[in-house]
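Work through the exercises below with the sequence and the model side by side. Each task is followed by a solution that goes step by step.

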Amino acid sequence: MGLLKDNYNEVLENVKRACDVAGRDVSEVKLIAVSKTKPVDMLKEVYDAGARDFGENKVQEIVAKEKEMPSDINWHMIGHLQTNKVKQVIDKACLIHSVDSYRLAQEISLQAKKRGIVAQILVEVNIAEEESKFGISKEDAKELVRQIAELDNIKINGLMTIAPYVVSAEENRLYFRQIKQLSVDIANENIDNVSMNELSMGMTGDYMVAIEEGATLVRVGTGIFGERNYNK
Ligand SMILES: *Cc1c(COP(=O)(O)O)cnc(C)c1O
């Protein structure tokens with residue numbers, strides 16, 4: 001891997017190319033730099049290259065890094081969120097991508113209300129129905145959206161999915177298409193308090209295909225920061 005700044009700019013170039021291919025405006029797609037497990041020094045390099053959206057999958061990491069990084073960063077909570085940790089992250093995350101149960105949404109609603117804010121969330125869908133993944137099934141997603149929409153101090157902005165790990169990104173095109181279609185179906189229901197403006201999908205291996213299929217938020221870790229070492 002080269003300099004993080006170069007990696008970041010290369011990913012931005014790819015985002016732009018995928019937008020060109022899809023006939024989309026580059027302003028429709030936001031790149032989230034997924035910095036989980038990476039030290040603050042590395043985040044700062046990517047920040048200096050222009051990144052203002054960072055994604056983390058652990059509450060403790062957002063809390064710790066938020067203190068050390070500049071205050072104009074948008075922190076995205078992209079990992080599985082336990083109900084008992086909502087209160088720590090509720091006022092730090094600009095968007096919680098990983099809401100997959102009514103119980104979790106209730107706690108987010110409660111904690112947001114206590115602070116007088118409106119929590120911005122996405123509903124996570126397990127589009128390929130993989131047993132190892134969190135997320136609600138495609139069949140149950142619409143009903144969950146309807147239920148969450150009734151809660152106070154919480155706003156659904158769209159859907160998120162983690163596609164299967166595949167050798168060729170093309171293998172995930174069908175899943176990206178399916179979740180895009182699901183978001184269109186839900187949008188057509190015109191549920192109060194629900195917008196389907198955001199579609200969070202695509203990671204290092206497949207973000208260009210995801211953009212071609214309608215992603216508005218791509219979550220890229222390895223492609224910017226290099227491989228993660230969980231054994232340190
Ligand atoms: C780690 C992670 C990513 C980034 O994965 P890469 O393959 O390193 O780009 C994206 N989304 C979620 C939810 C993650 O946990």
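**The ligand and its pockets**

By class, the shell around the ligand holds five nonpolar, three polar and three charged residues, where Ala, Val, Leu, Ile, Met, Phe, Trp, Tyr, Cys and Pro count as nonpolar, Asp, Glu, Lys and Arg as charged, and the others, Gly among them, as polar. This is a predicted model, in which local features need pLDDT of at least 70 and side-chain atom pairs count only at pLDDT 80 or more, while totals for chains, interfaces and linings use all residues. Residues are numbered from 1 along each chain as its sequence is written, and side-chain values use heavy atoms, with hydrogens and water left out.

**Exercise 1.** Find which residues are around the ligand.

*Solution.* Take as near any residue with a heavy atom within 4 Å of the molecule. The residues found are V34, K36, I78, I162, M203, T204, R219, V220, G221, T222 and R228.

**Exercise 2.** Find which polar atoms of K36, G221 and T222 lie by the ligand's oxygen atoms, side-chain or backbone.

*Solution.* Begin with K36, where a polar side-chain atom lies 2.6 Å from an oxygen atom of the ligand. Go on to T222, which also places a polar side-chain atom by a ligand oxygen, at 2.5 Å. At G221 the polar atom belongs to the backbone, and a ligand oxygen is 2.8 Å from it.

**Exercise 3.** Describe the lining of the largest pocket.

*Solution.* The lining consists of 27 residues, and K36, I162, A163, M203 and R228 lie nearest the centre of the pocket. Sorted by class, the lining has 12 nonpolar, nine polar and six charged residues. The space that the ligand takes is this largest pocket.

**Exercise 4.** Describe the lining of the second largest pocket.

*Solution.* Here 14 residues form the lining, with K30, H76, L95, E198 and L217 nearest the centre. The elements that give two or more residues to this lining are β3 (74-77) and β4 (93-99). By class, the lining has four nonpolar, six polar and four charged residues.

Definitions and conventions
A polar contact is a pair of N or O atoms within 3.5 Å; within protein, one must be able to donate a hydrogen and the other to accept it, and residues adjacent in sequence count only if both atoms are side-chain atoms. On a 1 Å grid over the protein atoms alone, a cavity is a set of points where a 1.4 Å probe fits but cannot get out, and a pocket is an open set with protein on both sides within 12 Å along at least five of seven lines; lining residues have an atom within 4 Å of a point. A molecule sits in a cavity or pocket if more than half of its atoms lie within 2 Å of its grid points. Helices (H or I, at least four residues) and strands (E, at least two) are DSSP runs, numbered from the N terminus.
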